[in-house]
Structure formats: C-alpha cells, structure tokens
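Please keep the structure open beside the text as you read.

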Amino acid sequence: MTAQPVVGLAAGPDAATWYQDAVIYEVHVRAFADSDGDGIGDFKGLLGKLDYLQELGVTALWLLPFYPSPLKDDGYDISDYRRIHENYGTLRDFRAFLRGAHDRGIRVITELVLAHTSDEHPWFKRARMAPPGSVHRDFYTWSETPDRYKDARIIFQDFETSNWAFDSVAKSYYWHRFYSHQPALNYDSPHVRQAMFDVVDYWLDMGVDGLRLDAVPYLFSRDGTTCENLPETHAFLKELRSHVDAKYDDRMLLAEANQWPEDAVAYLGDGDECHMAFHFPVMPRIFMAARQEDRFPIVDILTETPPIPSNCQWGMFLRNHDELTLEMVTDEERDYMYRVYAEDPQARINVGIRRRLAPLLGNDRRLIEMMNGLLFSLPGAPVVYYGDEIGMGDNIYLGDRNGVRTPMQWDGDRNAGFSDANPQRLYLPVVIDPEYHAQAVNVANQDENPSSLLWWMRRLIALRNRFHAFSRGSLDVLLPENRKVLAFLRVFEDERILVVVNLSRFTQAVELDLSAYRGMTPVELFGSTQFPEIGDLPYFVTLGGHGFYWFSLEDNSEPGGDASRRLTVRGGASDALKGGAKAPLNRVLPSYLAERRWFGDKSRRIRSTEIADVIPVPGNNGGPPAGHLVVVDVNLDQGLPESYVLAVAHAEGDDAAEIRKWRPESIITDLSAGGREGVLYDAMTAPAFSNALLDVMSRRRRLSGKHGRLESLPTRALRGLRDGLDADAPAVPISTEQSNSSVIVGNRLVLKVIRRMEEGVNPDVEVGRYLTEQVRFPNSPMVAGSL
Ligand code: GLC
C-alpha cells in the first residue's frame, strides 16, 4: 500500500466495477441549488451541496441533461452536445463540480441522449437544407409519406399522434419517437455513429464516469418490426462498448430501456454491451405488491428476470424525473394502478402517473420506509430521486412532468433556500401544498431531528454500503405460507443477509424455512439486535404493519472464538483493510475487539466498526510493510464512538501455521486472499514489527495514512538505549494482557501501544518525557520516544 491522496475515488479490485456497488442519486442541476439568484439551479450551486450528498452516503450522481437546448423536453432536446446550457454555468463550472464530486469519492453519470436531437441542433438545420441522399441529409430519417414503420408505438400518447412530422423546408417527413421537435438520428449513417463516438470521448476524456443512454431501444428502425430492440441496435452498442473499453478502464454505460426483463437484459449482452440497465418492470410491481398486500407481483417478476452477466448490474428505482411508467404491465394491472395510485386524472400522463414517492404512498412514513427498504435490498443499484430522501411533495397542476421537478427544499426561508430570486422568477414554483409545504418539509428541519426521514435514509444508505451482499450477493427467495410477507436471502462470500418485509399494513407472523442456516444467529442490522438462534423448527418472526427486517445471519458455531472469524477477499491481503466503513475487516472486528483485554468498553455492545485510517509501517530495507497501524472507530450501542489502534500483519503458509500453533490468541481473523489461505494477526506479537516501529522512531520518519500522519518524536535517550541492538533484536510481548499492549525489545526497551486514542498528549508520555529530558530523574525509566 502506498500513501494515498487524502480524498478521491476508491482504488482496489472493485474500482473498475464501482457501479455494481453504487447508490445513485438522480438530480437535475436546475432544480438543486441556484448560486446566482436567477431562479435556476446551476453547477456552482450543485458544487456547494456536495457535502450534503456525501453525508447522505450516495456514491454516484446521475445528472439530467445540462446541455444547450430550447428546453422543450427539459433538456432531452439537445442543440449542442459539447457545451453547458448557459442557465447552468460554464464548462469550467462543470469541471469544478466534477472535481468536487471525485474528491469526495462520488462518481458522476451524465446523459447521453443519443437517439435524437432538438430540431434546433445544427445537424438538423443542415439536414433539412441538404439535398436528399447526401451525408448531411442522412443524419436523420426522411420519408415521402408518413406510412413507414407502422408497427412502432407512439410513446408520448398525450402529445403526439404520429411518429412522423412534416418539415416544410425539406418538403419531407422526418422520423421521431418522442416529441416532434426531437428528430431521431439515423444510425444507419456511419457519420452519425462516428459523431456519437466523438461525443462519448469528449465527456469521458473530461472524467465523466458513466453515461445513461437515453431511449436506447429506438436507435434503428425497420419496416415490419416494432422498431425497438433491433439486432442492429445491439450491434452498435457492442461497438460502442469496445470503443469505450479500449480507451478507459472504469467507465459505465447504463441503458434506459423501458422493456420486459428478457428484452432489457439483452442490453447487457454477454457482459460486452451496457454495464447496467434499468429494471423497469419491477418498479410498478413493488407498488402493486404494497397495495395488494401480496408478494406475488414481485416474486413473479423476479422469477421472470433472467440472470445477468457477472460484471453487470441492474439499476433499481421507485421514482424518477418521468411519470411512473405503466408500459410494462398488463392492461388490468394498469387499470388497477391508476385506480389505486392516481384516482385524480390530473395525476395521469402518457402511460403513467406523475407523482413523487411520498404523495403516491399517502405520505405514510412506514410505507415509505418499507418501499425504500425493498429498493435498497433487492438486487441492483438503487437510485434515489432528489427530494425523495426528505419526502418532498409534488404539484400535479404544473404541465408535462414538471410537477415532480420542482426546486429542492433546503430550509424554511425564501424559495425554500433554493434561490434568492424573486419567487415569481423561479423556473418552477416551490411546493406549497399544505401537507408538503416547503416550510415544513425541508433539509434543515430534518437535519435537526434525528427521527426524520432524512436521518433514516442516511442510516439506511450507510447500512447498505457496509455489505457487499446487497450489491453483489445472490438472491434466494423464500416462500413462506403467509403471502403478505416477502422474504429473501442475499449471500456474498461470507455475508448472509436475510430480508423480511411485511407488505401488509397490519401485524403479521411468518414461519421461515431457514434450515440451511441452523445454528446461526440472526442479528437485526439497524439496532444490532441479536435474535434467537436458528434451530430445528421453522424460524418464527412477527412484524408490525409495513415493518421490515434486515438480518445478518451470523455463524456462532464457536461463539466468539477465533475460529469463527474468517474473511475472503479477491485481491491481496491488504484489500481486507481497504474501504473505510466498507472494509471487509469490519466484519470480524466487533468479535475480535470484544475479546481483547485492552478493549475498554466491555459493558457496551459494539454495533459496528469503521476503519478510519491505515498506516503502513515499512519493513526492512524497503521491503514490503512489516504491518499496518490501523485506526478503528468503534460505534457502540450507547454513548459516543471510540477510536482504537490496531497493529495488523499478514502471514500465510508456514508462517501462518506457526502463528496458529504458538500464538492463536494473536489471530484477528483467518483470511483467504486471492485464493491463498492465511491469517491477519496482531503485529505487536511479531518481532519484526516492533523493530520496524523502533526504526521509524530512530530515523524520525513520518508515516502517512489516508487521513492523517504519524510523527516520530524520539528523545535524546533513544540512541543510547538502542545502541548495539540489531534490527532483528528479540521482541517478546508481555503475555499478561493489560489495558495496553507492551513488548520487551532486546531486553532493554519496552514498547507500549496505547490502544484507545484520545485527543492531546498522553500523560504517561508527557510526564516521562519531562523526567527524562528536563529533570533527568534517575529513578524512573527513561522515555526513548513516542509516535
Ligand atoms: C427519456 C427521458 C425522458 C425524455 C425522453 C425523450 O425517456 O427519461 O425524460 O422525455 O427520454 O428524450
């Protein structure tokens, strides 16, 4: 491990597939924060809110289109692919925002609206003037009659009657799939394909991490087909993917394909097309299951969903910037959804419902939590739509889908803290519906109240981020007799998460067949609450109305013993320490710490740990590190978190066997790293580590971690005391464990690790130094130095 910059995007084996673990926040630049008081959000405003997003815990932002545009489809009508709409700032602002996001470890996904342009795009203006059959004309699809491609459906049913529009300049019809001011690009033209590759390179070169491919099923059209999902479209996407892979190693393509599962999955190819695709059909079925109080719709669609390639991921969402689309349901199901979720016809648009999450769910807090619980535990990367983390309302009386695109509500001040502008100047009015009024529903209010939805979402996201099983785990649906309860297992390496959801508004009891996990203990994750051990009988659980549990099934075959701690990582051993709160080592630390004599909080239960910093201690002669000093924040069930220092070393093969035989109590965990078996153990028991620390001190070296630095502070006494000691002097741990750990080096020096970190200078060190350096008091041991 080398010293890393203080902040930045995570490295390590999972870095290239970051999207698999992503928690995505969908945000519209114009709706988030207005920095210059013109009533429209902008990149400077968004930059200023990155700390909020980091605290929320999201790992990627998906930005709606921010390019020059006449804004007749909120920016999905692009008139220039390479600039920023002047309302939102400049390219320089965009770059500053991108840097700000990356510095906070947040990835950025932007829109690649590749299927169509605005009719104000220079390509279209040029095309309508160009002679038929010319390269420029053929950037779009033209026809003498509006009869071709008759089997293609009309998507914006409330606004359009045909997919053809007549252009009086070209004296010909042009093809479009959405609004008529959005002429479809003609992907049969190699010039169009090349032009789009250039656009992709332009943004990826700038550092954008992912592209959402808008309306991707419609790139090609052929007579006699529905003009969706054609083989030509897939061939083009594969070409695009290999183009991207050839130039970059960690970028992501996300398909917006509102399709049935088997058609959507095709956009992932064999792992060689898009990296992600939205799972559209599962979304309305979550809403149906909640209203019918029956798990069937969810289980059914999950069964219908084919497996996806191992390097891919679903995008999951409850709501987004569009209507809650009802295209991927049957006619009866659609009628049902309209009846129960959109009784007011004003709430309906096209084939869907234009409402935000909270109003859809009747502002029922428990239901909102349950739905988010599902979103964050079903397979896929969850997408949170801005404002839904505070339960924002909507305004169905605004046109088109604007009712769900109103300004973010930051506080109870003017314009909800979104903008200083005259309220009449805002791009859309702030929500003032009495139930969801911005004065009540806003970030500032919820930040002050630990019971708010915002705080609950922060906790939910933090929990999700702790376990790879949620993002990468397998799915195993249990089918208990009570159909009002949905239960499933997510398993990844040694993580086993059991999710139990009560879809009913009333209390339910359920018996789960957990025989495969007999002897294990379910630990409820929000409260670290241990449930009874799984025995021979079906596991009995009761749940309050719309309640849900996330359990970790913990193996306690040897309760608390070292043998029960075991980790598997794919890369090298140091991967076990990487990832802060997500580092694999956190999974075994609670049990390891609880057994240590020097762990001072015996009366309190450890809820979780978080690796705050890792400092490699260099080994002999520039070799690999002798071990790592690891600072761990320990969250307890009561009181404030505490920080402890661990010394961690790795051994495999014969060395590991020696440790297992002679010093089993020093083992932190068994570790299989990259398929090789070994152990992580307390480095204070390794002579090489103690000598390495002394060496660091003697040479006054500074060691850097990710967030902090270790300074050497030797006293004048050190040289004399260490004189004549070899770099491999014997170092013997004092076996009676105390509240700190000590090692006797070369029969001359005592190396003491103060385990619990506290602010300020340790009194032992301060007094010892004074007696050694100032007073030269002969009757107390000299202090050689400190780190
Ligand atoms: C996608 C977008 C939607 C837009 C349409 C046309 O479906 O999500 O907002 O109107 O494409 O570009």
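Ala 727 counts as partly exposed in this predicted model, because its relative accessibility is 43% and that class runs between 20% and 50%. Ala 727 sits in the loop that joins helix H20 (717-722) to S32. If you trace the chain from Ala 727 to Gly 785, the two are 58 residues apart in sequence, and their C-alpha atoms are 17 Å apart in space.

Another loop, between strand S32 (731-733) and strand S33 (741-745), holds Ile 734. Ile 734 is also partly exposed, because its relative accessibility is 34%. Together with Val 732, Ile 744 and Val 750, Ile 734 makes a nonpolar surface patch of about 310 Å².

Now to the second largest pocket, which has a volume of about 1600 Å³. It is lined by 43 residues, and those closest to its centre are Lys 752, Ile 754, Val 765, Ser 786 and Leu 787. The lining divides by class as follows.

| Class in the pocket lining | Number |
|---|---|
| Nonpolar | 25 residues |
| Polar | eight residues |

Several other elements each supply at least two residues, among them strand S24 (606-617), strand S25 (627-636), helix H19 (687-698) and strand S34 (749-753). Strand S36 (785-786) is also one of the elements that supply at least two.

Conventions: Residues are numbered from 1 along each chain as its sequence is written. This is a predicted model: local features need pLDDT of at least 70, side-chain atom pairs count only at pLDDT 80 or more; totals for chains, interfaces and linings use all residues. Side-chain values use heavy atoms; hydrogens and water are left out. Patches are made of residues with over 30% relative accessible area and no salt bridge: like charges are joined within 9 Å, nonpolar side chains (Val, Leu, Ile, Met, Phe, Trp, Tyr) within 5 Å. Accessible areas come from the Shrake-Rupley method with a 1.4 Å probe; for residues, only the protein chains shown count as cover. A salt bridge is a side-chain nitrogen of Lys or Arg within 4 Å of a carboxyl oxygen of Asp or Glu. Helices (H or I, at least four residues) and strands (E, at least two) are DSSP runs, numbered from the N terminus. Buried means under 20% relative accessible area, exposed over 50%, partly exposed in between (1.4 Å probe, protein chains only). On a 1 Å grid over the protein atoms alone, a cavity is a set of points where a 1.4 Å probe fits but cannot get out, and a pocket is an open set with protein on both sides within 12 Å along at least five of seven lines; lining residues have an atom within 4 Å of a point. Grid points are joined across faces, edges and corners, and a volume is the space filled by probe spheres set on the points. Ala, Val, Leu, Ile, Met, Phe, Trp, Tyr, Cys and Pro count as nonpolar, Asp, Glu, Lys and Arg as charged, and the others, Gly among them, as polar.
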